[in-house]
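Hi everyone, thanks for making time this morning. Have a look at the sequence and the structure first.

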Amino acid sequence: MTMSIPPLLLCLVALLGLQSARLAAQSAKDDVLRTGQAVFDAMARRDTVELKRLVHPAAQLIATAGTGDSAVASVSTRPQFLSQVATMAEVPLERMWNPEVRISGGVATIWTPYDFHVGSTWSHCGIDSFQLVRTGAGWQVTSIVYTVVRPAARCQPNPNGPPR
């Protein structure tokens with residue numbers, strides 16, 4: 001005797017599987033975004049111990065300034081980045097909004113507009129492009145490539161308004 005599975009039950013099982021996959025994908029995106037935000041938070045605290053946990057030992061940070069063919073790139077290694085953060089005279093505040101996250105297996109990207117303040121003074125804005133890998137320690141940043149845009153009139157305003 002063969003049992004037939006009702007079509008409605010098959011549809012319910014398929015929908016539950018899709019919902020479960022969506023929740024897992026959203027959870028992974030949330031983990032990636034938490035890592036990006038944790039980098040900004042650690043910078044604001046000038047917490048180089050936390051930054052060492054979040055930023056892969058082989059990571060590079062690449063700033064680009066200028067427009068078109070005249071863009072100039074400057075590269076910082078992880079040790080240089082940690083030193084820059086540790087020695088800043090005033091608190092750095094970097095804020096992102098409307099991030100786009102893409103994940104494939106153990107590789108992720110965050111693409112987001114940002115603004116950057118030193119203390120209470122606006123410095124610049126631009127686009128951050130984070131590259132991350134999933135390691136035994138969780139998601140780690142392997143590179144941040146970002147644009148540096150000035151003056152403020154050329155920047156997309158942060159929808160959260162000025163920093164508090």
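Predicted model: local features only at pLDDT ≥ 70, side-chain atom pairs only at ≥ 80, totals over all residues.

The protein has three helices and seven strands. If you walk along the sequence, the order is α-α-β-β-α-β-β-β-β-β. There are 164 residues, and 31% of them count as buried. Among contacts with a separation of 6 or more, 52% are between residues 24 or more positions apart.

Now to the inside. In soluble globular proteins, nonpolar side chains tend to be buried together. Here the largest nonpolar core has 27 residues, and Met43, Leu51, Phe81 and Leu132 are the ones that touch the most other members. Which elements build this core? At least two residues each come from α1, α2 (48–54), β1, α3, β5, β6 and β7. The top contributor is α1, which gives six residues.

If we set aside neighbours within four places in sequence, Leu51 is in contact with Val39, Ala42, Met43, Phe81, Leu82 and Val85.

Thr35 is another residue to look at, and you will find it in helix α1. Is Thr35 buried or exposed? With a relative accessibility of 8%, Thr35 counts as buried. Its contacts, again leaving out neighbours within four places, are Leu54, Leu132, Trp139 and Val141.

Then there is Phe130, in strand β6. Phe130 has a relative accessible area of 0%, so it is buried. Which residues does Phe130 touch, not counting those up to four places away in sequence? They are Gly36, Phe40, Ala108, Thr109, Ile110, Val141, Ser143 and Ile144.

For contrast, turn to Arg102 in strand β4 (residues 100–104). Arg102 has a relative accessible area of 64%, so we call it exposed. Beyond four places in sequence, Arg102 touches Val107, Ala108 and Thr109. Its C-alpha is 9.7 Å from that of Ala28, which is 74 residues away along the chain.

On to the pocket. Rolling a probe the size of a water molecule over the atoms shows where empty space is left. The largest pocket holds about 330 Å³ of space. There are 18 residues in its lining, and those nearest the centre are Met43, Leu61, Phe81, Gln84 and Tyr146. What is the lining made of? It splits into 12 nonpolar residues, four polar and two charged. Several elements supply at least two lining residues each: α1 (7–45), β1 (55–65), β2 (72–77), α3 (78–87), β5 (107–118), β6 (121–135) and β7 (138–148).

Next, the cysteines. A disulfide is a covalent bond between the sulfur atoms of two cysteines. How many disulfides does the model have? The count is one. This disulfide links Cys125 and Cys155, with an S to S distance of 1.8 Å. Because Cys125 sits in strand β6 and Cys155 in the segment after β7, the pair ties together parts that are 30 residues apart in sequence. The torsion about the S-S bond is about -90°, so this disulfide is left-handed. Both Cys125 and Cys155 are buried.

Last, some backbone details. Most residues other than glycine have a negative phi, and most peptide bonds are trans. Against that background, Arg46 has a positive phi of about 55°. Arg46 is in the loop between α1 and α2, and at 29% relative accessibility it counts as partly exposed. Asn98 also has a positive phi, near 50°. You can find Asn98 in the loop between β3 (92–96) and β4, where its 55% relative accessibility makes it exposed. Finally, the peptide bond between Arg150 and Pro151 is cis, with omega of about -5°, and Pro151 lies in the segment after β7.

How values were computed:
Residues numbered from 1 in each chain as written. Heavy atoms only, no water. 1 Å grid on protein atoms, 1.4 Å probe; cavity = no way out; pocket = protein on both sides within 12 Å on 5 of 7 lines; lining within 4 Å. Points joined across faces, edges and corners; volume = space filled by probe spheres on them. Helix = DSSP H or I, 4+ residues; strand = E, 2+ residues; numbered from the N terminus. Nonpolar A, V, L, I, M, F, W, Y, C, P; charged D, E, K, R; others polar. Core = buried A, V, L, I, M, F, W, Y, C linked by side-chain atoms within 4.5 Å. Buried < 20%, exposed > 50% of the residue type's maximum accessible area, 1.4 Å probe, protein only. Contact = heavy atoms within 4.5 Å. Disulfide = S-S within 2.5 Å.
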